[in-house]
Amino acid sequence: MTDRDISEIKELLSSPQKIVITTHSFPDGDAMGSSLALYNYLIQGEHEVTVIVPTRYPQFLRWMPGDDKVLVHNMERDKAEQLMSDATLIFCNDINSASRVGDVEKALVSASAVKILIDHHPNPDIDVNYMMSLTEASSTAELIYEFIDRLGDTDKINVAVAESIYAGILTDTGSFSYGSTSERAHQVAGEMIGRGADNLKIQGHIYQDNSLDRIQLLGYSLSEKLTLYPEYRAGYISLSKEELTKYNFRPGDTEGLVNYVTTIKGINFATLIMERNGFIKFSFRSTGNFSVNEFARDNFGGGGHEAAAGGEFSGSLQEAIDKYVALLPSYKDKLLS
Ligand code: 5GP
Ligand code: MN
């Protein structure tokens, strides 16, 4: 994003706008943190601002300031689509392609608003007017800080903005443990604490508020549903709809589950294969040199980052597992590199 872009955006924001902020389906901590941080910043101006998410998101994220104002597209479709078509300015957070917004895609693509992308995924492929796309950023939330900073508005980072940014950085860095955890990520997180984000309270909301079902699903997945292929340094967990129902599955309950697989000595490539409504969802994680972004893109129409990616498959759970297992031999060199 050039200085000229910033001054044009500043000019735009100097008069009242109808603003929509949107993000990817099955929003995670960074999707919600970045979107609500931007929301809490923008509502300090004379704008009408709405966060529209394609689908519901986990309970452990539902404490963020402004959460009660978020519109879920698949629950209030007409209202959401009206807001998209009336918008004068649309922010797309934490996505690198319009398809990531699921059912919101059509309304997003056809909207006449000025569009701004703020994201940290590789290879952005989306039609927008302005783009802040930096793969070196730990999270989109970190980039919301950079955006506000470049607009010269850090004095508008109140507790609501700070808590949301902190939550996005915390979750997208796996509590400051992934490779993306840069000096800058710590600096911005530290500054958010300085601006009133209560880090222990936020950690409590996100990591200490699990249902018993969620923890028992984790135990079941690890003890009964884990298959390892040490010869490929790989392993996967699969979960059927019936199994998820047995543990009263709620959005977010499997968040972080796949990471346990990479913590096993000798395993660098972890996969979660989960039955969703009408399709199979893959989550991939890598702790070595193996690019799960490429693996997801080339085999499961997905993508993400080098170390964390996802994709989809249409067919049965067993067919999805078979496809994944059959792919391993052809990736042996890359998996062992
Ligand atoms: P998760 O496994 O937590 O759902 O997603 C990990 C990463 O992969 C996230 O950065 C997310 O943006 C990306 N990702 C997950 N699913 C998909 C998908 O179906 N398509 C694409 N392009 N990216 C995905
Ligand atoms: Mn992110």
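Reader: Which side chain has an N or O atom 2.7 Å from a nitrogen atom of ligand 1?

Author: That of lysine 281. A polar contact with the ligand is a pair of N or O atoms within 3.5 Å. This is a predicted model: local features need pLDDT of at least 70, side-chain atom pairs need 80 or more, and totals for chains, interfaces and linings use all residues. Residues are numbered from 1 along each chain as written, chains are lettered from A and ligands numbered from 1 in written order, and side-chain values use heavy atoms, without hydrogens or water.

Reader: What lies 3.0 Å from an oxygen atom of ligand 1, and what lies 3.1 Å from a nitrogen atom?

Author: A polar side-chain atom of arginine 100 is at 3.0 Å from the oxygen. A backbone N or O atom of glycine 303 is at 3.1 Å from the nitrogen.

Reader: Which elements give two or more residues to the shell?

Author: Strands are DSSP runs (E, at least two residues), numbered from the N terminus. Here they are strand 10 (279-286), strand 11 (303-304) and strand 12 (308-313). Strand 12 gives the most, with four residues.

Reader: What domains does the protein have?

Author: Bounds come from an automatic or database assignment. It gives domain 1 (3-207) and domain 2 (212-336). Their C-alpha centres are 27 Å apart. Eleven residues from domain 1 and eleven from domain 2 make the contact (heavy atoms within 4.5 Å).

Key:
Polar contact = N/O pair within 3.5 Å; in protein donor to acceptor, adjacent residues only side chain to side chain.
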